[in-house]
Amino acid sequence: RLEALEDAFDLDATGSPTRRVGGEPLDELETVDHVAPMLSIDQSGEAEEVRAFDERVLAVGVRV
């Protein structure tokens with residue numbers, strides 16, 4: 001809705017929430033240790049790379 005208003009009234013939206021992503025971390029949030037490592041596919045697109053990722057995940061006991 002905000003984007004529609006900005007477009008309808010030709011507003012300069014440079015500082016608008018529609019143009020921002022994320023924010024500064026909050027100090028009051030506590031740190032969490034993950035039970036298993038947070039792994040990713042590293043944006044792999046090749047079948048063999050995806051299979052290797054799956055094997056690494058299974059090796060640490062994570063079920064997806």
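Colleague: Why is S16 called buried?
Modeller: S16 has a relative accessible area of 7%. Buried means under 20% relative accessible area, exposed over 50%, and partly exposed in between, using a 1.4 Å probe and protein chains only, so S16 counts as buried. Do keep in mind that this is a predicted model, where local features need pLDDT of at least 70 and side-chain atom pairs count only at pLDDT 80 or more, while totals for chains, interfaces and linings use all residues. Residues are numbered from 1 along each chain as its sequence is written, and side-chain values use heavy atoms, leaving out hydrogens and water.

Colleague: Where is S16, and what does it touch?
Modeller: S16 sits in the loop between helix 1 and helix 2. Not counting residues up to four places away in sequence, S16 touches L2 and E6; contact means heavy atoms within 4.5 Å.

Colleague: What makes S16 and E6 a polar contact?
Modeller: Their side chains are joined at 2.4 Å. A polar contact is a pair of N or O atoms within 3.5 Å; within protein, one must be able to donate a hydrogen and the other to accept it, and residues adjacent in sequence count only if both atoms are side-chain atoms. The side chains of E6 and T18 also make a polar contact, at 3.0 Å.

Colleague: How do you know that E6 is buried?
Modeller: The relative accessibility of E6 is 6%, so E6 counts as buried. E6 is found in helix 1. Leaving aside neighbours within four places in sequence, E6 is in contact with L11, A13, S16, T18 and R19.

Colleague: Why is the pair R19 and E6 called a salt bridge?
Modeller: The N to O distance between their side chains is 3.7 Å. A salt bridge is a side-chain nitrogen of Lys or Arg within 4 Å of a carboxyl oxygen of Asp or Glu, and R19 and E6 meet in one. This pair links distant parts of the chain, 13 residues apart: R19 is in the loop between helix 1 (2-8) and helix 2 (47-59), and E6 is in helix 1. R19 has 46% relative accessibility, so R19 counts as partly exposed.

Colleague: How many salt bridges are there in the whole structure?
Modeller: A search finds two. In one of them, E48 pairs with R51, with the closest N and O atoms 3.7 Å apart. E48 and R51 both lie in helix 2, three residues apart, about one turn of the helix. An α-helix has 3.6 residues a turn, so residues three or four places apart point the same way.

Colleague: Are E48 and R51 buried, exposed or partly exposed, and what decides that?
Modeller: E48 is at 54% relative accessibility, so E48 counts as exposed. R51 has a relative accessible area of 49%, so R51 is partly exposed.

Colleague: How do you know what span to expect for helix 2?
Modeller: The expected span is 1.5 Å times one less than the number of residues. Helix 2 has 13 residues and should therefore span 18 Å; its end C-alpha atoms are 18 Å apart, which agrees. Helix 2 is followed by G61, whose phi is positive, near 85°.

Colleague: What is the secondary structure of the chain?
Modeller: The chain has two helices and zero strands. Helices (H or I, at least four residues) and strands (E, at least two) are DSSP runs, numbered from the N terminus.

Colleague: What makes D10 exposed?
Modeller: D10 has a relative accessible area of 71%, so D10 is exposed. D10 lies in the loop between helix 1 and helix 2, and has a positive phi of about 50° although it is not a glycine.

Colleague: How many of the residues count as buried?
Modeller: Of the 64 residues of the chain, 8% count as buried.
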